[in-house]
Amino acid sequence: MTTSTMEGGTTAFRKLDFDLSGRTAVVTGGGGAPGRGMGREISQIFAAAGANVVVVDINPEAAALTVNTIRDHGGEAISVSADVASSEDIERVAAVTNDAFGSVDVLVNHVGIGNNASLLDTSEEWWDRCQAVNLKAPFLTARQFLPGMLMKGKGVIINTVSICGLTGGRAGPAYTAAKHGLIGLTKNIAACYGDRGIRCVGIAPGGVRGEGPEWNSAEGRVMGTDEQPNLWPSLRRALDLNPRRGTPDEVAPAVLFLASDHASFINGAILPIDAGWTAV
Ligand SMILES: NC(=O)c1ccc[n+]([C@@H]2O[C@H](COP(=O)([O-])OP(=O)(O)OC[C@H]3O[C@@H](n4cnc5c(N)ncnc54)[C@H](O)[C@@H]3O)[C@@H](O)[C@H]2O)c1
(Lines give C-alpha, C1' and ligand atoms only; values in the text may rest on other atoms or scores of the structure.)
Protein backbone atom coordinates (compact mmCIF):
# COMPACT_ATOMS: atom_id res chain seq x y z
CA MET A 1 0.00 0.00 0.00
CA THR A 2 1.36 3.43 -0.88
CA THR A 3 0.15 6.97 -0.22
CA SER A 4 1.22 10.27 -1.73
CA THR A 5 3.29 12.73 0.27
CA MET A 6 3.17 16.53 -0.02
CA GLU A 7 6.36 16.41 -2.11
CA GLY A 8 4.76 13.99 -4.52
CA GLY A 9 6.76 10.98 -3.38
CA THR A 10 5.25 7.86 -1.89
CA THR A 11 5.35 6.26 1.52
CA ALA A 12 5.11 2.51 1.51
CA PHE A 13 3.40 0.44 4.16
CA ARG A 14 6.67 -0.97 5.39
CA LYS A 15 8.60 -2.46 8.23
CA LEU A 16 11.60 -0.21 8.89
CA ASP A 17 15.05 -1.64 8.37
CA PHE A 18 17.90 -0.06 10.32
CA ASP A 19 20.66 -1.24 8.04
CA LEU A 20 24.14 0.26 8.39
CA SER A 21 25.84 -2.23 6.06
CA GLY A 22 28.90 -0.82 4.36
CA ARG A 23 29.16 2.06 6.80
CA THR A 24 31.90 2.73 9.29
CA ALA A 25 31.11 4.03 12.75
CA VAL A 26 33.52 5.37 15.34
CA VAL A 27 32.22 5.12 18.92
CA THR A 28 34.28 6.79 21.63
CA GLY A 29 33.90 5.31 25.09
CA GLY A 30 32.68 2.10 23.49
CA GLY A 31 34.41 -0.21 25.91
CA GLY A 32 32.86 -2.12 28.75
CA ALA A 33 31.75 -5.37 30.25
CA PRO A 34 28.62 -7.12 28.93
CA GLY A 35 25.45 -5.35 29.97
CA ARG A 36 27.33 -2.31 31.24
CA GLY A 37 27.85 1.04 29.54
CA MET A 38 25.89 2.78 26.84
CA GLY A 39 28.96 3.10 24.60
CA ARG A 40 29.36 -0.65 24.53
CA GLU A 41 25.68 -1.14 23.74
CA ILE A 42 25.80 1.46 20.96
CA SER A 43 28.85 -0.26 19.43
CA GLN A 44 27.10 -3.62 19.53
CA ILE A 45 23.82 -2.43 18.04
CA PHE A 46 25.69 -0.68 15.21
CA ALA A 47 27.66 -3.85 14.45
CA ALA A 48 24.48 -5.93 14.56
CA ALA A 49 23.04 -3.51 11.96
CA GLY A 50 26.00 -4.28 9.70
CA ALA A 51 28.37 -1.39 10.41
CA ASN A 52 32.12 -1.68 10.73
CA VAL A 53 32.69 -0.38 14.25
CA VAL A 54 35.76 1.31 15.67
CA VAL A 55 35.64 1.09 19.46
CA VAL A 56 37.73 3.87 20.97
CA ASP A 57 38.47 3.73 24.68
CA ILE A 58 41.17 4.87 27.07
CA ASN A 59 40.91 1.44 28.67
CA PRO A 60 42.21 -1.16 26.19
CA GLU A 61 40.76 -4.10 28.12
CA ALA A 62 37.30 -2.50 28.09
CA ALA A 63 37.54 -1.86 24.34
CA ALA A 64 38.68 -5.44 23.72
CA LEU A 65 35.67 -6.78 25.63
CA THR A 66 33.29 -4.98 23.30
CA VAL A 67 35.18 -5.95 20.16
CA ASN A 68 35.36 -9.59 21.20
CA THR A 69 31.61 -9.70 21.77
CA ILE A 70 30.96 -8.16 18.36
CA ARG A 71 33.31 -10.60 16.61
CA ASP A 72 31.84 -13.56 18.51
CA HIS A 73 28.53 -12.64 16.91
CA GLY A 74 30.01 -12.32 13.43
CA GLY A 75 30.30 -8.53 13.39
CA GLU A 76 33.17 -6.34 12.24
CA ALA A 77 35.01 -4.25 14.82
CA ILE A 78 38.43 -3.07 15.87
CA SER A 79 39.54 -1.38 19.05
CA VAL A 80 41.79 1.64 19.40
CA SER A 81 43.16 2.67 22.76
CA ALA A 82 43.12 6.45 22.95
CA ASP A 83 42.49 9.43 25.18
CA VAL A 84 39.84 11.42 23.32
CA ALA A 85 41.18 14.67 24.77
CA SER A 86 44.48 14.21 22.89
CA SER A 87 44.66 15.48 19.31
CA GLU A 88 47.59 13.13 18.64
CA ASP A 89 45.52 10.18 19.80
CA ILE A 90 42.58 11.25 17.62
CA GLU A 91 44.89 11.50 14.58
CA ARG A 92 46.04 7.95 15.34
CA VAL A 93 42.42 6.78 15.63
CA ALA A 94 41.76 8.24 12.19
CA ALA A 95 44.82 6.56 10.67
CA VAL A 96 43.94 3.14 12.14
CA THR A 97 40.31 3.54 11.07
CA ASN A 98 41.27 4.51 7.55
CA ASP A 99 43.60 1.50 7.22
CA ALA A 100 40.93 -0.89 8.48
CA PHE A 101 37.72 0.43 6.97
CA GLY A 102 38.30 3.65 4.99
CA SER A 103 36.43 6.85 5.76
CA VAL A 104 33.94 7.34 8.57
CA ASP A 105 30.16 7.63 8.10
CA VAL A 106 28.99 7.85 11.71
CA LEU A 107 30.79 9.37 14.67
CA VAL A 108 29.46 8.93 18.20
CA ASN A 109 31.16 11.09 20.79
CA HIS A 110 30.07 9.15 23.83
CA VAL A 111 32.91 9.64 26.32
CA GLY A 112 32.16 11.89 29.24
CA ILE A 113 33.40 12.35 32.77
CA GLY A 114 31.75 14.14 35.65
CA ASN A 115 31.31 14.46 39.37
CA ASN A 116 29.04 16.24 41.80
CA ALA A 117 31.62 18.45 43.51
CA SER A 118 30.33 21.94 44.23
CA LEU A 119 31.96 24.95 42.59
CA LEU A 120 33.95 25.71 45.74
CA ASP A 121 35.26 22.13 45.79
CA THR A 122 36.19 22.10 42.08
CA SER A 123 39.91 22.34 41.36
CA GLU A 124 41.29 24.11 38.32
CA GLU A 125 42.81 20.79 37.19
CA TRP A 126 39.42 19.04 37.29
CA TRP A 127 37.74 21.94 35.49
CA ASP A 128 40.31 21.78 32.68
CA ARG A 129 40.16 17.98 32.38
CA CYS A 130 36.36 18.01 32.39
CA GLN A 131 36.24 20.58 29.58
CA ALA A 132 38.89 18.68 27.63
CA VAL A 133 37.16 15.28 27.81
CA ASN A 134 33.54 16.42 27.53
CA LEU A 135 33.84 19.38 25.17
CA LYS A 136 37.22 19.62 23.45
CA ALA A 137 37.22 15.93 22.50
CA PRO A 138 34.03 16.14 20.37
CA PHE A 139 35.55 19.17 18.65
CA LEU A 140 38.76 17.24 17.94
CA THR A 141 36.96 14.19 16.56
CA ALA A 142 34.52 16.26 14.49
CA ARG A 143 37.42 18.25 13.04
CA GLN A 144 39.17 14.99 12.22
CA PHE A 145 36.27 13.15 10.57
CA LEU A 146 34.16 15.94 9.03
CA PRO A 147 36.35 16.39 5.94
CA GLY A 148 35.82 12.76 4.90
CA MET A 149 32.08 13.07 5.48
CA LEU A 150 31.97 16.28 3.44
CA MET A 151 33.77 14.58 0.57
CA LYS A 152 31.04 11.93 0.56
CA GLY A 153 28.31 14.55 1.01
CA LYS A 154 26.93 12.54 3.91
CA GLY A 155 27.68 11.86 7.55
CA VAL A 156 26.20 11.74 11.04
CA ILE A 157 27.71 12.99 14.28
CA ILE A 158 25.96 12.02 17.51
CA ASN A 159 27.08 13.64 20.74
CA THR A 160 26.20 12.20 24.13
CA VAL A 161 25.16 15.20 26.15
CA SER A 162 23.24 14.89 29.41
CA ILE A 163 20.10 16.16 31.02
CA CYS A 164 22.58 18.39 32.91
CA GLY A 165 23.17 20.14 29.59
CA LEU A 166 19.45 20.77 29.22
CA THR A 167 18.29 21.68 32.69
CA GLY A 168 21.30 22.74 34.70
CA GLY A 169 20.65 21.24 38.10
CA ARG A 170 23.19 20.86 40.87
CA ALA A 171 25.68 18.37 39.50
CA GLY A 172 29.32 19.50 39.24
CA PRO A 173 29.66 22.90 37.54
CA ALA A 174 32.52 21.73 35.31
CA TYR A 175 30.37 18.88 33.97
CA THR A 176 27.21 20.98 33.66
CA ALA A 177 29.01 23.77 31.82
CA ALA A 178 30.79 21.36 29.48
CA LYS A 179 27.54 19.58 28.57
CA HIS A 180 25.83 22.92 27.90
CA GLY A 181 28.79 23.73 25.66
CA LEU A 182 28.45 20.42 23.86
CA ILE A 183 24.84 21.24 23.00
CA GLY A 184 26.10 24.49 21.47
CA LEU A 185 28.74 22.62 19.47
CA THR A 186 26.10 20.14 18.28
CA LYS A 187 23.82 22.90 17.00
CA ASN A 188 26.71 24.79 15.42
CA ILE A 189 27.84 21.76 13.42
CA ALA A 190 24.23 21.11 12.38
CA ALA A 191 23.80 24.72 11.27
CA CYS A 192 27.13 25.01 9.47
CA TYR A 193 27.20 21.68 7.62
CA GLY A 194 23.58 20.60 7.29
CA ASP A 195 23.43 21.94 3.75
CA ARG A 196 26.31 19.64 2.80
CA GLY A 197 24.72 16.41 3.98
CA ILE A 198 25.92 16.35 7.56
CA ARG A 199 23.57 15.76 10.48
CA CYS A 200 24.70 16.48 14.02
CA VAL A 201 22.43 15.53 16.91
CA GLY A 202 22.65 14.85 20.64
CA ILE A 203 21.25 12.37 23.09
CA ALA A 204 20.68 13.48 26.67
CA PRO A 205 20.57 10.47 28.99
CA GLY A 206 19.47 10.77 32.58
CA GLY A 207 19.54 8.11 35.27
CA VAL A 208 21.00 5.37 33.07
CA ARG A 209 23.20 2.67 34.50
CA GLY A 210 26.78 3.12 33.23
CA GLU A 211 30.22 1.66 33.54
CA GLY A 212 31.90 4.30 35.66
CA PRO A 213 31.54 4.27 39.46
CA GLU A 214 30.66 7.96 39.53
CA TRP A 215 27.36 7.18 37.81
CA ASN A 216 26.59 4.21 40.05
CA SER A 217 26.05 5.12 43.68
CA ALA A 218 24.72 1.64 44.20
CA GLU A 219 23.18 -0.99 41.96
CA GLY A 220 19.67 0.02 40.98
CA ARG A 221 19.70 3.39 42.68
CA VAL A 222 19.78 6.71 40.88
CA MET A 223 22.69 8.98 41.68
CA GLY A 224 21.75 11.85 43.96
CA THR A 225 18.71 10.45 45.72
CA ASP A 226 20.15 9.19 48.97
CA GLU A 227 23.62 10.70 49.21
CA GLN A 228 22.75 14.25 48.25
CA PRO A 229 18.99 14.72 48.47
CA ASN A 230 19.12 18.33 47.28
CA LEU A 231 21.20 17.62 44.22
CA TRP A 232 18.33 17.40 41.78
CA PRO A 233 14.94 18.31 43.27
CA SER A 234 13.35 17.28 39.96
CA LEU A 235 14.70 13.78 40.47
CA ARG A 236 12.15 13.15 43.21
CA ARG A 237 9.36 13.91 40.76
CA ALA A 238 11.08 11.90 38.04
CA LEU A 239 11.20 8.88 40.31
CA ASP A 240 7.42 9.08 40.62
CA LEU A 241 7.28 8.50 36.87
CA ASN A 242 9.79 5.67 36.74
CA PRO A 243 11.49 4.62 39.98
CA ARG A 244 14.44 2.78 38.51
CA ARG A 245 17.61 3.34 36.56
CA GLY A 246 17.53 2.99 32.81
CA THR A 247 19.64 0.37 31.11
CA PRO A 248 22.04 0.84 28.18
CA ASP A 249 19.81 -1.27 25.94
CA GLU A 250 17.08 1.35 26.43
CA VAL A 251 19.40 3.99 24.95
CA ALA A 252 21.21 2.30 22.08
CA PRO A 253 18.14 1.79 19.82
CA ALA A 254 17.56 5.55 19.78
CA VAL A 255 21.15 6.10 18.72
CA LEU A 256 20.77 3.52 15.94
CA PHE A 257 17.69 5.36 14.71
CA LEU A 258 19.49 8.72 14.77
CA ALA A 259 22.43 7.22 12.87
CA SER A 260 20.18 5.69 10.23
CA ASP A 261 18.76 7.22 7.08
CA HIS A 262 15.31 7.09 8.70
CA ALA A 263 16.41 10.11 10.76
CA SER A 264 17.27 12.10 7.61
CA PHE A 265 15.13 15.11 8.63
CA ILE A 266 16.52 15.32 12.18
CA ASN A 267 19.41 17.73 12.58
CA GLY A 268 20.57 19.85 15.51
CA ALA A 269 18.11 18.17 17.89
CA ILE A 270 18.83 16.94 21.42
CA LEU A 271 16.84 13.87 22.45
CA PRO A 272 16.30 13.34 26.19
CA ILE A 273 16.45 9.66 27.15
CA ASP A 274 15.49 10.00 30.78
CA ALA A 275 12.07 8.43 31.39
CA GLY A 276 10.61 11.93 31.64
CA TRP A 277 13.05 13.41 34.15
CA THR A 278 13.34 16.68 32.18
CA ALA A 279 9.58 16.79 31.70
CA VAL A 280 8.68 17.10 35.39
N1 LIG B 1 24.61 7.20 32.86
C2 LIG B 1 23.84 8.27 32.85
O3 LIG B 1 22.75 8.32 33.41
C4 LIG B 1 24.27 9.48 32.11
C5 LIG B 1 23.54 10.65 32.28
C6 LIG B 1 23.90 11.76 31.56
C7 LIG B 1 24.94 11.69 30.68
N8 LIG B 1 25.65 10.55 30.54
C9 LIG B 1 26.77 10.56 29.60
O10 LIG B 1 26.96 9.26 29.05
C11 LIG B 1 28.34 9.08 28.83
C12 LIG B 1 28.85 7.94 29.69
O13 LIG B 1 28.03 6.86 29.44
P14 LIG B 1 28.29 5.44 30.09
O15 LIG B 1 27.68 5.50 31.43
O16 LIG B 1 27.87 4.42 29.16
O17 LIG B 1 29.86 5.49 30.11
P18 LIG B 1 30.87 4.97 31.16
O19 LIG B 1 30.97 5.88 32.32
O20 LIG B 1 30.46 3.60 31.33
O21 LIG B 1 32.23 5.12 30.35
C22 LIG B 1 32.34 4.76 28.98
C23 LIG B 1 33.79 4.51 28.61
O24 LIG B 1 34.49 5.74 28.43
C25 LIG B 1 35.86 5.46 28.61
N26 LIG B 1 36.61 6.70 28.81
C27 LIG B 1 36.62 7.50 29.90
N28 LIG B 1 37.45 8.55 29.67
C29 LIG B 1 37.96 8.39 28.43
C30 LIG B 1 38.86 9.16 27.64
N31 LIG B 1 39.43 10.30 28.10
N32 LIG B 1 39.17 8.72 26.38
C33 LIG B 1 38.61 7.56 25.91
N34 LIG B 1 37.77 6.80 26.63
C35 LIG B 1 37.42 7.22 27.87
C36 LIG B 1 35.84 4.55 29.84
O37 LIG B 1 37.03 3.77 29.91
C38 LIG B 1 34.58 3.70 29.62
O39 LIG B 1 34.89 2.44 29.08
C40 LIG B 1 29.03 10.36 29.21
O41 LIG B 1 29.14 11.23 28.09
C42 LIG B 1 28.08 10.92 30.25
O43 LIG B 1 28.24 12.30 30.42
C44 LIG B 1 25.35 9.44 31.25
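Strand S8 (residues 198–205) pairs with S9 in the parallel sense over 4 bridges, where two strands are taken to pair if DSSP finds at least two bridges between them. Within this pairing, glycine 202 has isoleucine 270 of S9 as its bridge partner. The model is a predicted one, in which local features need pLDDT of at least 70 and side-chain atom pairs count only at pLDDT 80 or more, while totals for chains, interfaces and linings use all residues. Residues are numbered from 1 along each chain as its sequence is written, and side-chain values use heavy atoms, with hydrogens and water left out.

The pairing of S8 and S9 belongs to an open sheet of 7 strands with parallel pairing, in the order S5-S4-S3-S6-S7-S8-S9. Strands (E, at least two residues) and helices (H or I, at least four residues) are DSSP runs numbered from the N terminus. Strand S5 (76–81) and strand S9 (270–273) form the edges, each pairing on one side only. Neighbouring strands of the sheet are turned against each other by 15° on average, direction ignored; axes are lines fitted to C-alpha atoms, for helices over the stretch in contact, and angles run from 0 to 180 degrees between N-to-C directions.

Helix H1 (residues 38–48) packs on the sheet and touches strand S3 (24–28), strand S4 (52–57), strand S6 (106–109) and S8, its direction making about 170° with that of S3. Contact here means heavy atoms within 4.5 Å. Helix H3 (residues 87–101) also packs on the sheet, where S3, S4 and S5 are touched, and the direction of H3 makes about 160° with that of S5.

Strand S6 pairs in the parallel sense with S3 over 4 bridges, and threonine 28 has asparagine 109 of S6 as its bridge partner. A further 4 bridges join S6 to the parallel strand S7 (residues 155–160); in S7, asparagine 159 is the bridge partner of asparagine 109. Both faces of S6 are covered, with Val106 and Val108 buried on one side and Leu107 and Asn109 buried on the other. Buried denotes under 20% relative accessible area, exposed over 50%, and partly exposed the range in between (1.4 Å probe, protein chains only). Together with helix H4 (residues 124–152), S6 and S7 make a right-handed β-α-β unit; a crossover is right-handed if, with the strands pointing away from the viewer, the path from the first strand over the helix to the second runs clockwise.

Aspartate 105 is located in the loop between H3 and S6 and is buried, with a relative accessible area of 13%. A polar atom of its side chain lies 2.8 Å from the backbone nitrogen of threonine 24, polar contacts being pairs of N or O atoms within 3.5 Å; within protein, one atom must be able to donate a hydrogen and the other to accept it, and residues adjacent in sequence count only if both atoms are side-chain atoms. Not counting residues up to four places away in sequence, the residues touched by aspartate 105 include Arg23, Thr24, Met149 and Val156.

Threonine 69 lies in helix H2 (residues 60–72) and is buried, with a relative accessible area of 19%. Leaving aside neighbours within four places in sequence, threonine 69 is in contact with Arg40 and Gln44. A polar atom of the threonine 69 side chain lies 3.0 Å from the backbone oxygen of leucine 65.
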